[in-house]
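Please look through the sequence and the fold below before reading on. The paragraphs that follow lead from a strand and its partners to a helix and then to the ligand.

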Amino acid sequence: MRIAKRVARGDEWAMLLTCQSGYETFLARELEGVFVRVAERGPGWVRTEETDGRQPTGPKEGGEPGAQGEKAPQASAPAAEAAWLGGLAFAHLSLLAPVAVRGESVNALAQGVVDFFLASLRGERVETTWPCVWRGPQEIVGLGRRLGSVEAAFGELLGKKLRRVAKLAVGNVQPPASGLRHRAAAGGAARGLFVFFTDFGRALVAREAWVHGQRRMADDDLAPSRSYLKMEEAYGVLGREPQAGETVVDLGAAPGGWSYSAAKRGARVVAVDNGPLKGGALNHPLIEHRLADAFGFRPSCAMTPEFAAPGGGAVATGELADWLFCDVVEEPHHVLKNLVGPWLEGRWCRRFVVNFKFGRADPLGLLRELRGAESAFVRHAAWFAVRHLYHDREEFTVVGETRTE
Ligand SMILES: C[S@@+](CC[C@H](N)C(=O)[O-])C[C@H]1O[C@@H](n2cnc3c(N)ncnc32)[C@H](O)[C@@H]1O
């Protein structure tokens, strides 16, 4: 066992970024597009080494929290400097300045991670819960079991040295661990311990990470489609979810996973699709099904009187719905120009979740279009984020808020 020297000593852009397995090439291209050099990649991960002399700029998104907006609380130098990471679409978790720990056995690896962790504490006081996150490619048969064994051995070793600190470890970077040095669900800088196994004998470990907001969601027996999971995940990236009494227009709604997700929170939904609703969305008292074309649908006719918010409370002047959901299977350029464009320009909604299918189109080209000067998101959103979600396939999900002025 030994702790290898820093992966790229003195290079603050040395990172290990995870993504959905099979999408490493796209993540690598995204990184190269912002002048970050890719050194190595494997299933579901990319390691970067150094820049070509220029500082990474990150993709421009309309004031995306994490990219330019909110500051990461108490983020230390690498995390604060890596705020541009918040603009990446394919990255899920980015380990900052990771160190390689190598070992032939479970115990050797666990001891290596403990040594790294203890050395990195250097007088740091750990008073609250802290994320202790262990990941690795699911494709490598047996690696999951080894990872679990090393994690357990690490917990025991750390418990012997620092019992109180070990007890405060939590296995993820999500709520309810409030007070942590990270921005939880919506993404941002996190401090704790992050371990990623690239193979049986090597783990990359870091104290700082950028959390991009994706996560695996639990299914609901009544949800009529797997798409339901995407919407549940999207709320986390947005940092908000529909509230009771809010209004939602769901374009391309059938069989109703997204509509069901909003209705189960008490929101009133107009579900627009010529296809049938199913499962928990069928005959739901808060879901009104409209057989109509999403592109021709205008929010002025969205709410029937009995559906409109009582007393107009939830629908402010100039806004006809609290939420726009859009999941139509259509060519993305067409959706951006002819559907998202009028909705955002007209400020017909306060918040939006829009899914774009890139299918055979080049996703990097689509990303450029979504972030280009002519994009409705850039022109009309207060902020937005593009993510390749854990539950997305060949598609991006864009979440954001419209301008209020
Ligand atoms: C991926 S599915 C939506 C799944 C849905 N979000 C859910 O959670 O169950 C896409 C839907 O878009 C609908 N669609 C495609 N073009 C449409 C259009 N022009 N107007 C309305 N719906 C459309 C299809 O009928 C299909 O039901």
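Which residues of strand β5 (residues 93–96) are buried on one side, and which on the other? Leu93 and Leu95 are buried on one side and Ser94 and Leu96 on the other, and both faces of β5 are thus covered; a residue is called buried if 20 or more other C-beta atoms, placed from the backbone, lie within 10 Å of its own. In a regular strand the side chains alternate between the two faces of the sheet.

This is a predicted model, in which local features need pLDDT of at least 70, side-chain atom pairs count only at pLDDT 80 or more, and totals for chains, interfaces and linings use all residues. Residues are numbered from 1 along each chain as its sequence is written. Helices (H or I, at least four residues) and strands (E, at least two) are DSSP runs, numbered from the N terminus.

Strands pair if DSSP finds at least two bridges between them. Strand β2 (residues 15–18) runs antiparallel to β5 and is joined to β5 by four bridges, with Leu95 as the bridge partner of Leu16. Strand β10 (residues 202–211) also pairs with β5 in the antiparallel sense, over four bridges, and here Leu95 stands opposite Ala209.

In helix α1 (residues 24–33), the buried residues include Phe26, Leu27, Ala28 and Leu31, and also Glu24 and Glu30. Just after α1, Phe35 takes a positive phi of about 70°.

Around the ligand there are 22 residues, the closest being Ser227, Gly252, Gly257, Ala294 and Asp327. Two or more residues of this shell come from each of α6 (227–238) and α7 (257–263).

Note on methods. A residue is near a molecule or strand if its C-beta atom, placed from the backbone, lies within 6 Å of it. A residue is buried if 20 or more other C-beta atoms lie within 10 Å of its own, exposed if 12 or fewer, and partly exposed in between; C-beta atoms are placed from the backbone.
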